[in-house]
Amino acid sequence: MEEQYLIVEKQDRIGKIRLNRPRVLNALNSALIGELADVMEEMDRDDQIRVILLMGSEKAFAAGADIQELAESSPVDFVMKQFFADWERIRKIQKPIIAAVSGYALGGGCELAMCADLIVASETARFGQPEINLGVIPGAGGTQRLTRAVGKARAMEMILTGKPITAREALEAGLVNRVVPADQLEEEALALAKEIAGKPPIAVRLAKQSVLKAMDLPLEHGLHFEQNSFYLLFSSQDQQEGMQAFIEKRKPNFQGK
Ligand code: CAA
């Protein structure tokens, strides 16, 4: 029987995706990443979904790219298969992604968690970029996103030594949003997802894009993007509803229009 790499469920405007390769600690082979990008793009287009929640198992969010597959690959394979193209598709998802991380988030696993917009970690979570121990370096954004997230000093140490950090250290470094007991991880991540799912979706989408621009663009261009997004939102019904509800002292009902 073929392995089912992802367990997908849609519930209360949340699209839940669970990585499911338990035998190899959710090692991320190309087929899994391709399926993940397909499912996320489908959820991005689905009006019923407002937030994507990405989870692994209790022992491992993901222990990295599949080393077996990497070991059999040549530079030409990488070029011809466009090895990181599906990671780029994940990067372009417009709806907020929350990663709920328990256990190992190593190599590509840490990089995948960093593709999310928010990370809720269990106390057991370990984040690391151990590629150096394999004679390579991170390839799915680790040297760039980790440095932006935790700063040069800590990123350099993690990437040069390959030594993982604990959930508490990740919290202190600003890599994760919160640390919760292992048995409350899904509940806490879901609560955060539901909170954001209740917000006006067009504003959420433009807010995500604007914050991401802050990582990529010089301040002047980022401010320009933010201002244009702000103006654009005044053509949405949700802006009228949000402000009218405030004036009428009632709860807003956002429709995503
Ligand atoms: N790829 C393929 N298989 C993996 C794997 C990976 N990244 N990580 C674990 N596995 C497999 C193991 O080979 C083992 O399989 P078998 O039972 O068939 O031997 C199974 O998962 C269980 O793993 P362990 O027995 O090693 O479990 P452990 O609890 O003793 O150790 C661990 C856990 C510390 C996470 C260890 O498995 C480990 O070090 N894994 C590799 C971590 C790593 O180097 N990740 C980076 C990969 S490269 C990368 O990600 C490149 C990139 O930037 C895109």
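**Ligand site**

I began with A63: in this predicted model, one of its backbone N or O atoms sits 3.0 Å from a nitrogen atom of the ligand. For A65, I found a backbone N or O atom 2.9 Å from a ligand nitrogen, and for I67 a backbone N or O atom is also 2.9 Å from a nitrogen of the ligand. I then looked up the ligand's area: taken alone, the ligand exposes 990 Å², and the protein buries 62% of that (accessible areas are from the Shrake-Rupley method with a 1.4 Å probe). I listed 22 residues around the ligand, each with a heavy atom within 4 Å of it. The closest are A65, I67, G108, E111 and E131.

**Ground rules I kept in mind**

I noted that residues are numbered from 1 along each chain as its sequence is written, and that side-chain values use heavy atoms, with hydrogens and water left out. Local features need pLDDT of at least 70, side-chain atom pairs count only at pLDDT 80 or more, and totals for chains, interfaces and linings use all residues.

**Two domains**

Next I checked how the chain is divided: domain 1 is 6-197 and domain 2 is 201-248, with bounds from an automatic or database domain assignment. Their C-alpha centres lie 26 Å apart. I found 10 residues of domain 1 in contact with 8 residues of domain 2 (contact means heavy atoms within 4.5 Å).

The two domains bury about 790 Å² between them, 48% of it on carbon and sulfur atoms; buried area here is the accessible area (1.4 Å probe) that two parts lose on being put together, summed over both. Which residues of domain 1 lose the most area to domain 2? They are Q94, D117 and R148, together 57% of what that side buries.

**Salt bridge**

I looked up D117 again: its side chain meets that of K208 in a salt bridge (2.8 Å, N to O). The rule asks for a side-chain nitrogen of Lys or Arg within 4 Å of a carboxyl oxygen of Asp or Glu, and the count between the domains is 1.

Notes:
Polar contact = N/O pair within 3.5 Å; in protein donor to acceptor, adjacent residues only side chain to side chain.
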